[in-house]
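Here is a walk through a protein structure for someone meeting it for the first time. Have the sequence and the 3D view open side by side, and take your time at each stop.

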Amino acid sequence: MEKSFKKMMSGYQAFRKKYALGNKSIMRALSKDGQKPKIMVVSCCDSRVDPALILQCDPGDLFVARNVANLVPPYERDGARHGTSAALEFGICVLKIDHLILLGHSQCGGVSARMAHKTMKENDFISSWMSAVTTDPLPHMSLDDYAKESLRQSHKNALTFPWIKERVNAGTLVIHEWYFDIKSGKVFTFQKDQGAYVALSEGPVAQKDSTL
Ligand SMILES: [Zn+2]
């Protein structure tokens, strides 16, 4: 068996032991009581950016939607199959989460594809998906700065969903723009008042004012 598959299988054993065995296991309790996460994360499919792992959360803590480049598309009721929008609706309207974290990251392949869209090879879905980022990169903008720009855009797009806008305005939902630097393993949060990212542990975790 190949090494990474073997590692995964032993991870499964460890998961079972830690979370699922015994009468008082977390999984048993979550099965009985259902899930009640208060935090939703939109993160990238990138294998280096797993929100539950980075934040050391347990099952039931985070409601997560992962997609290429952690985008929130605009609100479009056009009958197409909008996976991320459906996840947002479930998280916000059904689970009534209190925090929506948009988790961007360094070295993002999706953002890189959007940056190079004019020279990119034909593909079936990636370019069309990445067109949700409508602002072009400024000249000499780095890939990582463009990833932060696309986070801004996702935040703006999130506010085009009426039930998100309503809850943000009512102060019952806070939207965070977080950026994960793969090399240092650090998370940075965008501080609107400073117009800059600060390391998560050094700044306030929640922004009260999430309007743009
Ligand atoms: Zn990515």
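This is a predicted model: local features need pLDDT of at least 70, side-chain atom pairs count only at pLDDT 80 or more; totals for chains, interfaces and linings use all residues.

Next come the charged pairs. Side chains of opposite charge can pair when their charged atoms come close. In this model the count comes to six salt bridges, and three of them are worth a visit here.

One of them joins Glu177 and Arg152, with the closest N and O atoms 2.7 Å apart. Since Glu177 lies in strand β4 and Arg152 in helix α7, the pair ties together parts that are 25 residues apart in sequence. Is Glu177 buried or exposed? It counts as buried, because its relative accessibility is 2%, whereas Arg152, at 22%, counts as partly exposed.

Another salt bridge runs between Arg167 and Asp98, where the closest N and O atoms are 3.9 Å apart. Here distant parts of the chain are linked: Arg167 is in helix α8 (residues 162-170), and Asp98 is in the loop between α4 (83-94) and β3, 69 residues apart. Arg167 counts as buried at 16% relative accessibility, but Asp98 is partly exposed at 32%.

Then there is Arg66 with Asp50, whose closest N and O atoms are 4.0 Å apart. This pair also links distant parts of the chain, with Arg66 in strand β2 (residues 62-67) and Asp50 in the loop between β1 and α3 (51-54), 16 residues apart. Arg66 counts as partly exposed at 34% relative accessibility, and so does Asp50 at 29%.

Strand β4 (residues 174-181) pairs with β5 in the antiparallel sense over four bridges, and Asp181 stands opposite Lys186. Four residues sit between the two strands of this hairpin, where Gly185 takes a positive phi near 70°. From there, β5 (residues 186-191) is joined by four bridges to β6 (residues 196-199), again running antiparallel. Across this pairing, Phe190 stands opposite Tyr197, and Gln191 has Ala196 as its bridge partner. This second hairpin has four residues between its strands, and Gly195 in the turn has a positive phi of about 60°.

Back in helix α7 (residues 143-158), look for Ser150. Its relative accessible area is 2%, so it is buried. Apart from neighbours within four places in sequence, Ser150 is in contact with Leu71, Val111 and Val133. Val111 is 39 residues away from Ser150 in sequence, yet their C-alpha atoms are 7.9 Å apart in space.

Met1, Phe5, Met8, Met9, Tyr12 and Phe15 make a nonpolar patch of about 620 Å². Phe5 lies in helix α1 (residues 3-20) and counts as partly exposed at 39% relative accessibility.

Conventions
Residues are numbered from 1 along each chain as its sequence is written. Side-chain values use heavy atoms; hydrogens and water are left out. Two strands pair if DSSP finds at least two bridges between them. Patches are made of residues with over 30% relative accessible area and no salt bridge: like charges are joined within 9 Å, nonpolar side chains (Val, Leu, Ile, Met, Phe, Trp, Tyr) within 5 Å. Accessible areas come from the Shrake-Rupley method with a 1.4 Å probe; for residues, only the protein chains shown count as cover. A salt bridge is a side-chain nitrogen of Lys or Arg within 4 Å of a carboxyl oxygen of Asp or Glu. Buried means under 20% relative accessible area, exposed over 50%, partly exposed in between (1.4 Å probe, protein chains only). Contact means heavy atoms within 4.5 Å.
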